[in-house]
Amino acid sequence: MSETEVTETLVITRIFDAPRELVYRAFTDPDQLARWFGPVGFSVPRETVSVDARVGGHQRFVMVNDADPSFSSPVDATFTEVVENELLVGHEEVHGVPGFPDGARLEMRIEFHDEGDDKTRLVLCQGPYTREVEAGAREGWGSSFGKLDALLAR
């Protein structure tokens, strides 16, 4: 397989020190999503966020580079499966993003599991990616999840 083949699936499992309902809400409440989403060095202006967490609904926002606001990355995903406090599944078509063929379909599945003691195990699966882009996405999610940890600790 070459580095440019779009075949890799990113899988991240992470334990959050917060109840499942709060972690789920961080993904579905526009005010909260704007506070944590995006790796360090990026922000999500609240006015760009729209979430309709139901089958056929959407999650839309724009990540903006803090150092260069002209560099932004819009997200426009459609939910295909939603189970409140348990599961978000969706997809988006990718256009104009380096490392993706134009119109590629990016799938995402986020599972929220109760771990007891008010902890949540999140399992995120996203792809397909090229190996190179998968590594960057993994780093970006890790950085974003650090911001989510801080939000949930409040």
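1. A word on the ground rules. This is a predicted model, in which local features need pLDDT of at least 70 and side-chain atom pairs count only at pLDDT 80 or more, while totals for chains, interfaces and linings use all residues. Residues are numbered from 1 along each chain as its sequence is written, and side-chain values use heavy atoms, with hydrogens and water left out.

2. Let me begin with the aromatic rings. Rings of Phe, Tyr and Trp (for Trp, its six-membered ring) are paired when their centres lie within 6.5 Å; planes under 30 degrees apart are called stacked, those over 60 edge-to-face, and the rest tilted. The model has 10 aromatic pairs by that rule. In one of them, Phe-27 and Phe-112 are edge-to-face, because their ring centres are 5.5 Å apart and their planes stand at 75 degrees. Phe-27 belongs to helix α1 (residues 20–28) and Phe-112 to strand β7 (residues 104–116), so this pair links parts of the chain 85 residues apart. Helices (H or I, at least four residues) and strands (E, at least two) are DSSP runs, numbered from the N terminus.

3. Next, the salt bridges. A salt bridge is a side-chain nitrogen of Lys or Arg within 4 Å of a carboxyl oxygen of Asp or Glu, and the count comes to 10. Asp-149 and Arg-14 form one of them, with N and O 2.3 Å apart. Asp-149 sits in helix α3 (residues 131–153) and Arg-14 in strand β1 (residues 8–16), so the bridge ties together parts that are 135 residues apart in sequence. Asp-149 is partly exposed at 28% relative accessible area, and Arg-14 is partly exposed at 23%.

4. A second bridge is worth a look. Lys-119 pairs with Asp-17, and their closest N and O atoms are 3.0 Å apart. Lys-119 is in strand β8 (residues 119–129), whereas Asp-17 is in the loop between β1 and α1, so parts 102 residues apart in sequence are tied together. Lys-119 is partly exposed at 30% relative accessible area; Asp-17, at 57%, is exposed.

5. Please also check the bridge between Glu-107 and Arg-105, where N and O are 2.6 Å apart. Glu-107 is partly exposed, with a relative accessible area of 34%, and Arg-105 is partly exposed at 44%.

6. Which residues form the negative surface patch? They are Glu-21, Glu-84, Asp-114, Asp-117 and Asp-118. Patches are made of residues with over 30% relative accessible area and no salt bridge, with like charges joined within 9 Å and nonpolar side chains (Val, Leu, Ile, Met, Phe, Trp, Tyr) within 5 Å. Glu-21 is in helix α1 and counts as partly exposed at 35% relative accessibility.

7. Asp-117 is exposed at 70% relative accessibility, and Asp-118 is exposed at 54%. Most residues other than glycine have a negative phi, and most peptide bonds are trans.

8. Pro-128 is in strand β8.

9. Thr-120, in strand β8, is buried at 0% relative accessibility. Its C-alpha is 8.2 Å from that of Arg-14, although Thr-120 and Arg-14 are 106 residues apart in sequence. Val-49 is in the loop between β2 (42–43) and β3 (50–51) and is buried at 8% relative accessibility. The C-alpha atoms of Val-49 and Ala-77 are separated by 12 Å, with the two residues 28 apart along the chain.

How values were computed. Areas by Shrake-Rupley, 256 points an atom, 1.4 Å probe, with all protein chains shown as cover. Lys, Arg positive; Asp, Glu negative; His and termini not counted. Charge placed at Lys NZ, Arg CZ, Asp CG, Glu CD. Buried < 20%, exposed > 50% of the residue type's maximum accessible area, 1.4 Å probe, protein only.
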